[in-house]
Amino acid sequence: MIDYDAVVIGGGHAGIEASLALSREGYSTLLITQSLDAIGRLSCNPAIGGLAKGNLVREIDALGGEMARLIDSTMIQYRILNRRRGPAVQAPRAQADKFSYSRLAKETLEREKNLHVFMDEVVDIISEGRKALGVLTKRGNEIRSSVVVLTTGTFMRGKIFIGEYEANEGRLSEEAANDLGWNLEKKGFPIGRLKTGTPARVRLSSLDLSRMEVEKGDEKMRPFSFDYDEVERPNLDCYITYTNEETHKIIRENINSSPLYGGKIVGKGPRYCPSIEDKVIRFPERERHQIFVEPEGVGSQEMYLNGLSSSLPEHVQEAFIHTLPGLERAEVMRPGYAVEYDYLDPLYLYPSLESKMMENLFVAGQTNGTSGYEEAASQGLVAGINAARKIRGESALVLKRSESYIGVLIDDLTTKGTKEPYRMFTSRAEYRLLLRHDTADQRLTRLGAEYGLVGKEKLERLEEKLKRIDDVKVLLKAGRMEGKSLYDLLKEPERHISSFSIDEKDEILDEVEMEVKYEGYIKREEKEIGKFLKYEDVTIPPSLDYNKIVGLSAESREKFSSVRPLTLGQAMRISGVRVSDYAILALAVKENRESE
């Protein structure tokens, strides 16, 4: 085989972003995947975005990634969530045509001139002296490279469960990558097991939609990408139904046949997206649970039962599905199932996503213990950027918690680790008012240009947007009504900028209104960030020997040595570290600097 600058393992959302970032920076890149037909597959929910997740997608776009463009070209419903709540917790979400999304993702990779796509299974990382040198595949191909990016998703020693049935698969009828997990474990990598799941898909023509609530999307679709202003796509309805006591009774009566409760599955599942078995058992007081019935694509009969994930036997799934209003005669096309898989402890990663166990190996996506397409793509983009910088011998891109949700995500993983599938929420971000989805371009586009993934046109669009925002603010300050400037009037809760008849795009007016109404809160967050950055800017020498710092508790010494924080700010966020130990560390860092 030909040698490459970079090899990316896996064709999921992390692998897509990593391989595109590397190839667009001019490096010959090979993406290896077990199935070319599964590239970019929306394995579970056929949707992109949502609370906090929509912010991640827009940040990916601002940095020069691809996910926003993929969903803009394939969406079949669009909504801004939490419109009635504050701007800090609003976010876009789009239902996707899953088949078109995957096809477009594959085509995008194939069009990239420095990117090569190859179908095989990686079974081991070629290494020498704890340094990655390439990969070995199942068919005996030995491929050398300067860097390797590992993005295996749920496939590393993946196993699916449906009642008594189990198979070594990462998705239903898709073979797991067993050898890679064993070989990484032999090399000493800290490996754990996690679990996720997916619901059954049912045939549209077998449903009685009149018995369900209709959930329409926003009338106007808006793009996730900052590269254009409009999206013209089909706008399909989703539907809502509910479980009932009969549903719950069937599940309770058959709970012993669930691999979740029979001891077959040892991996921990996502706390915030439990199976229907978990919901019924853990919340016995709940009389019903909401189920969203969502189309999988234009022209497809498959409907996704969002909120009904299950690994119960197929006949039990069919029985409880038939108790739901509108699904009494539902024809199951694919059963729900649970999948258990290997993940690598993210505490053994630097914030660059390079492995502490093996130089030149970067890890991204569900392999790091995360849940969701958006979290995976975010990591893939950062891993790709930093793998390219590693090749050039440059310092890594480390996004701060104060400038992006991506920064929060990676800092949480590499500082606190995770024992369950990590999902991004707005509550995880300390400065979420400044991290609104509409400001992602202002926060990150110039950075994307600095790292070689954002072109002149995107920068020009940003500058034009900022000018138009400033122009509207000038108009508001100059205009007067009721003895006040329009700017001050807009701060009143009942006032809306649309009543001032300003000729400008809705997107610009919406952003100005949020900035004006929440001006005081924004200034407060900016002041807090100033304090936060004082600690983030104090770096800790990589060679610092924590065993020689007098007074540290044994627990904190062990945690500092394991995480190897890069800054005092990161050290403060390590779980379980005493305030007194942090103070001792800060003094030791100061003394180390003075002695140099």
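The legends below describe close-up views of a predicted model.

**View 1**
Lys473 belongs to helix H12, which covers residues 456-478. With a relative accessible area of 19%, Lys473 is classed as buried, because the class takes in values under 20%. Its side chain makes a polar contact with the side chain of Glu515, at 2.5 Å. Leaving aside residues up to four places away in sequence, Lys473 touches Tyr487, Val512 and Glu515.

The number of disulfides in the model is 0. Cys238 takes part in none; the nearest cysteine sulfur to it belongs to Cys44, 15 Å away. Cys238 is buried, at a relative accessible area of 1%. For Cys273 the closest cysteine sulfur is also in Cys44, at 6.5 Å. That separation is too far for a bond, because a disulfide requires sulfur atoms within 2.5 Å. Cys273 is partly exposed, with a relative accessible area of 48%.

**View 1. Helix H1 and the glycine that follows.**
Helix H1 spans residues 13-24 and has 12 residues. From first C-alpha to last, H1 reaches 17 Å, close to the 16 Å expected at 1.5 Å a residue. The helix is mostly covered, with 11 of its 12 residues buried. Among the buried residues of H1 are His13, Ile16, Glu17, Leu20 and Leu22. Gly26 follows H1 and has a positive phi, near 95°.

**View 2. The aromatic pair Tyr78 and Phe224.**
The structure contains 4 aromatic pairs. One of them joins Tyr78 and Phe224 in an edge-to-face arrangement, with 6.1 Å centre to centre and 85° between the planes. This pair links distant parts of the chain, its members being 146 residues apart. Tyr78 lies in strand E4 (residues 75-81), whereas Phe224 is in the loop between strand E16 (213-215) and strand E17 (238-242). Both Tyr78 and Phe224 are buried.

**View 3. Arginines over aromatic rings.**
Two arginine-ring arrangements are shown, Arg58 with Phe226 and Arg288 with Tyr242. Arg58 lies over the face of Phe226, 4.0 Å from the ring centre. The charged end of Arg288 sits over the ring of Tyr242, at 3.6 Å from the centre of that ring.

How values were computed. Residues are numbered from 1 along each chain as its sequence is written. This is a predicted model: local features need pLDDT of at least 70, side-chain atom pairs count only at pLDDT 80 or more; totals for chains, interfaces and linings use all residues. Side-chain values use heavy atoms; hydrogens and water are left out. Helices (H or I, at least four residues) and strands (E, at least two) are DSSP runs, numbered from the N terminus. Buried means under 20% relative accessible area, exposed over 50%, partly exposed in between (1.4 Å probe, protein chains only). A polar contact is a pair of N or O atoms within 3.5 Å; within protein, one must be able to donate a hydrogen and the other to accept it, and residues adjacent in sequence count only if both atoms are side-chain atoms. Contact means heavy atoms within 4.5 Å. The expected span of a helix is 1.5 Å times one less than its number of residues. Rings of Phe, Tyr and Trp (its six-membered ring) pair if their centres lie within 6.5 Å; planes under 30 degrees apart count as stacked, over 60 as edge-to-face and the rest as tilted. A charge sits over a ring if NZ of Lys or CZ of Arg is within 6 Å of the ring centre and within 35 degrees of the ring normal.
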